[in-house]
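Student: I've got a model open and I'd like to learn how to read its features. Can you walk me through it?

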Amino acid sequence: MARVTTFMGFTIPHLLRSACRLCPAHSTLVVLRHSASCYCTVNGTTQSKRKMDHLERTANNFRQEVISQAKVCGITNESETVKRLRLAITNKDFTFKAGQWVDFFIPGVSVIGGFSMCSSPGLLEREGVIELAVKYTDHPPARWIHTECTLDSEVALRVGADLHGYQESKGNGYKMGTVKLYYSAKNTNELLFKKNILGLMSALPGKITCRFHVTQQNSPICEELQPHITEGRISGKDLEKHVSKDTLWYICGPPPMIESISQLLYNSGVHRNCVFFEKWW
């Protein structure tokens with residue numbers, strides 16, 4: 001039986017960077033990290049600790065040895081708080097797999113950033129570029145991207161990954177599963193990549209579905225989004241209908257949201273080994 005994969009979060013790069021495989025049962029998407037639960041779990045309860053920087057949090061994770069130079073070749077405002085950064089990679093040997101991230105080195109900035117790719121490996125193969133979606137914070141790398149980064153700015157990248165539980169499929173190819181996405185944001189302007197998601201839903205009817213949740217919507221919702229919008233936060237009732245032994249759950253968002261959603265799942269009988277998340281800030 002193909003697995004059902006359910007995502008919840010305030011951001012969407014995990015889905016898009018895996019769109020090239022579109023969530024088969026044992027794809028590299030089903031590889032997202034356990035590590036966050038290791039340092040954030042005490043006696044089985046997730047707890048927020050002091051903020052650690054990117055290198056501290058990922059000190060034990062595998063990294064490629066090579067550091068590759070890159071040049072900013074595109075900057076797009078995805079929303080008022082998120083920029084999409086397009087980077088041309090000069091090293092022809094630079095590669096990554098869906099689910100990986102990069103150490104982000106900025107000349108003159110001592111703090112190293114850590115950002116997940118929001119583009120697929122296929123874009124890198126075709127055009128020699130990768131894309132990052134970076135939300136504004138006071139963290140120096142994110143602040144630099146939002147306030148100082150310009151076209152032709154030069155940075156350096158190193159690919160890292162924390163891959164657990166990966167199982168290669170047997171036989172030829174993968175068996176397609178299904179994906180149900182719960183995506184929450186303040187308003188529809190903050191629903192990043194919504195057009196891409198609607199496109200995937202249209203291209204793969206029944207295989208991928210999405211409910212967009214908005215918590216502070218003050219303007220009319222466009223006709224295209226209306227059938228998929230729920231006003232209010234993601235609730236336990238929303239999630240309970242998808243609980244089964246074959247469902248894997250991936251959570252992405254701020255630590256309090258991760259803790260709240262994971263507890264809702266545990267209370268609904270979901271085994272902890274079926275819940276995956278990471279805490280980046």
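**Salt bridges**

Tutor: Let's begin with a charged pair: the side chains of arginine 158 and aspartate 103 meet in a salt bridge, 2.9 Å from N to O. Arginine 158 sits in strand β10 and aspartate 103 in strand β7, so this pair links distant parts of the chain, 55 residues apart. Before going on, note that this is a predicted model, in which local features need pLDDT of at least 70 and side-chain atom pairs count only at pLDDT 80 or more, while totals for chains, interfaces and linings use all residues. Residues are numbered from 1 along each chain as its sequence is written, and side-chain values use heavy atoms, with hydrogens and water left out.

Student: What counts as a salt bridge here?

Tutor: A side-chain nitrogen of Lys or Arg has to lie within 4 Å of a carboxyl oxygen of Asp or Glu. Searching the whole structure turns up 5 of them.

Student: Are arginine 158 and aspartate 103 buried or exposed?

Tutor: First the scale: buried means under 20% relative accessible area, exposed means over 50%, and partly exposed is in between, with a 1.4 Å probe and protein chains only. Arginine 158 is buried at 18%, and aspartate 103 is buried at 0%.

Student: Which residues are linked in a network of salt bridges?

Tutor: Glu78, Arg84, Arg86, Glu127 and Glu131. Take arginine 86 and glutamate 127: their side chains meet at 2.4 Å, N to O. Glutamate 127 lies in helix α4 (residues 121–127) and arginine 86 in strand β6, so the pair ties together parts that are 41 residues apart in sequence. Arginine 86 also forms a salt bridge with glutamate 131, where the closest N and O atoms are 2.7 Å apart. Here strand β6 is linked with strand β9, the two residues being 45 apart.

Student: How should I read a pair of rings?

Tutor: A pair of aromatic rings is described by the distance of the centres and the angle of the planes. Rings of Phe, Tyr and Trp (its six-membered ring) pair if their centres lie within 6.5 Å; planes under 30 degrees apart count as stacked, over 60 as edge-to-face and the rest as tilted. The structure holds 4 such pairs. In one of them, phenylalanine 104 and phenylalanine 115 are edge-to-face, 5.4 Å centre to centre with 75° between the planes. Phenylalanine 115 is buried at 12%, and phenylalanine 104 is buried at 0%.

Student: What arrangement do phenylalanine 104 and tryptophan 144 form?

Tutor: A tilted one, 6.4 Å centre to centre with 55° between the planes. Phenylalanine 104 is in strand β7 and tryptophan 144 in helix α5, so the pair ties together parts 40 residues apart in sequence. Tryptophan 144 is buried too. Phe104, Phe115 and Trp144 form one aromatic cluster.

**Cores**

Student: What is a nonpolar core?

Tutor: It's a set of buried Ala, Val, Leu, Ile, Met, Phe, Trp, Tyr and Cys residues joined through side-chain atoms within 4.5 Å. The largest one here has 23 residues, of which Leu87, Phe94, Phe104, Ile130, Leu132 and Leu157 touch the most other members. The elements giving two or more residues to this core include β5 (68–77), β6 (82–89) and α5 (140–147). A second, separate core of 21 residues includes Ala133, Leu191, Leu198 and Leu200.

Student: What does phenylalanine 94 touch?

Tutor: Contact means heavy atoms within 4.5 Å. Leaving out residues up to four places away in sequence, phenylalanine 94 touches Ser68, Ile89, Val102, Leu124, Ile130, Leu157 and Val159.

**A helix and the whole chain**

Student: How do I check a helix?

Tutor: Its expected span is 1.5 Å times one less than its number of residues. The 13 residues of α8 (residues 255–267) should span 18 Å, and the end C-alpha atoms are 18 Å apart, which agrees. Among its buried residues are Ile258, Ile261, Ser262 and Leu265. Just after α8, glycine 269 takes a positive phi of about 95°.

Student: And how many helices and strands are in the chain?

Tutor: There are 8 helices and 15 strands; helices (H or I, at least four residues) and strands (E, at least two) are DSSP runs, numbered from the N terminus. Of the 281 residues, 50% count as buried.
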